[in-house]
Amino acid sequence: MGVLETVGFILLTTLTLSSALVVVFHRSPIISALALVFNLVAIAGFYLLLNAQFLALLQVIVYAGAIMVLILFVIMLLSITNESGLHRSGRIQTVMAPLIALGCAAALAFAVFKGSAGPKYVVSSTEFGTVRSIGTDLFTTFFYAFETISLLLVVAMVGAVLLAKRRL
Amino acid sequence: MEPQWVLVLSAVLFTIGAFGVLWNRGAITILMCVEIMLNAGNLAFIAFARQFDSAEGQIYAFFVMTLAAAEAAVGLAIVIALFRLRESTDVDELNLMKW
């Protein structure tokens, strides 16, 4: 474990958590969306630290590129400058949201800390997480899942057009 | 950096996202909080892939990413249709099917 890795971990953790809090609590959806970009890029940094180079690249291209452009486009299309007044829900949500979130945190903390430690963190080869190794697995073991997910994307595309179009 | 600390971060991130989904009323903010939750799950998948030294976790994360793209496209189309109908993105106004 290098010093550089620890420093990177602390920096990325700060960036991830603070930007996630901005996404949840900021009134303006545009600011929330821009904070979400920071969050996604910081998570791509974690992928790099965990030897998932291909996934880090995909995270930046697909999430920070495609999905965020889509979200920003919709915000600007509908010109939602302020969701204030919408921000807080009714009484039930105000009480229940922190309670449910705390319950969720407790369950996850129990799973993380009480679970068995698992094998020791090892680096077996330099091939781990490269486009080559991921692609080989994707087109052999996970071939049918890969083809099915392309079908799902077509369905989602048709559905999005159908829902958003004024009249067919 | 032990993968366990990444798992702790992933749990915290998931909790923040879940809280945001429950707390906010704007449909677009809720969709962004769902993206945060999906990313927390992905982070856990990749931490486990690293810890168990197997590429399968990374492939699951890849599929989750594809699903997130589909979800964002359909979800935003629903938001547009909703805005056209109600002139707002408040999800509390969608109570037609409430008993």
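How many residues of domain 1 of chain A are in contact with domain 2 of chain A, and how many of domain 2 do they meet? In this predicted model, 4 residues of domain 1 touch 5 residues of domain 2. Domain 1 of chain A covers residues 1-82, and domain 2 covers 124-168. Their C-alpha centres lie 22 Å apart. On the domain 1 side, the touching residues are 2 nonpolar and 2 polar, with no charged residue.

Now turn to the contact between the chains. Here 73 residues of chain A meet 61 residues of chain B. Six helices of chain A each supply at least two residues to the side that touches chain B: α1 (3-25), α2 (29-49), α3, α4 (91-114), α5 (131-140) and α6 (143-164). Helix α4(A) gives the most, with 11 residues. By class, this side of chain A has 55 nonpolar, 15 polar and 3 charged residues.

Is A:Ala101 buried or exposed? A:Ala101 has 20 other C-beta atoms within 10 Å, so it is buried; the cut-off for that class is 20 or more. Within its own chain, A:Ala101 is 72 residues from A:Pro29, and the C-alpha atoms of the two are separated by 22 Å.

From α3(A), the contact residues are A:Leu55, A:Leu58, A:Val62, A:Ala66, A:Ile67, A:Leu70, A:Ile71 and A:Val74. From α3(B), they include B:Ala61, B:Phe62, B:Met65, B:Leu76, B:Val79 and B:Ile80. B:Gln58 also takes part. The contact of α3(A) with α3(B) holds 18 nonpolar residues, 1 polar and no charged.

The nonpolar core comes next. The largest one has 67 residues. Which of its members touch the most others? They are A:Tyr47, A:Ile71, B:Ile28, B:Met32, B:Leu43 and B:Ile46. Two or more residues come from each of α1, α2, α3, α4 and α6 of chain A, and from each of α1 (3-23), α2 (27-52) and α3 of chain B. Helix α2(B) gives the most to this core, with 15 residues. Both domains of chain A take part, each with at least three residues.

B:Ile28 shows how the chains meet in detail. Residues up to four places away in sequence aside, B:Ile28 touches A:Pro29, A:Ile71, A:Val74, A:Ile75, A:Ile80, B:Val79 and B:Thr89.

Two backbone details remain. A:Asn51 lies in the loop between α2 and α3 of chain A. Its phi is near 60°, a positive value in a residue other than glycine. A:Asn51 is buried, with 20 other C-beta atoms within 10 Å. B:Glu87 lies in the segment after α3 of chain B. The phi of B:Glu87 is also positive, near 60°, and this residue too is not a glycine. B:Glu87, however, is exposed, with 10 other C-beta atoms within 10 Å.

Definitions and conventions. Residues are numbered from 1 along each chain as its sequence is written. Chains are lettered from A and ligands numbered from 1 in the order in which they are written. This is a predicted model: local features need pLDDT of at least 70, side-chain atom pairs count only at pLDDT 80 or more; totals for chains, interfaces and linings use all residues. Two residues are in contact if their C-beta atoms, placed from the backbone, lie within 7 Å. Helices (H or I, at least four residues) and strands (E, at least two) are DSSP runs, numbered from the N terminus. Ala, Val, Leu, Ile, Met, Phe, Trp, Tyr, Cys and Pro count as nonpolar, Asp, Glu, Lys and Arg as charged, and the others, Gly among them, as polar. Domain bounds come from an automatic or database domain assignment. A residue is buried if 20 or more other C-beta atoms lie within 10 Å of its own, exposed if 12 or fewer, and partly exposed in between; C-beta atoms are placed from the backbone. A nonpolar core is a set of buried Ala, Val, Leu, Ile, Met, Phe, Trp, Tyr and Cys residues joined through C-beta atoms within 7 Å.
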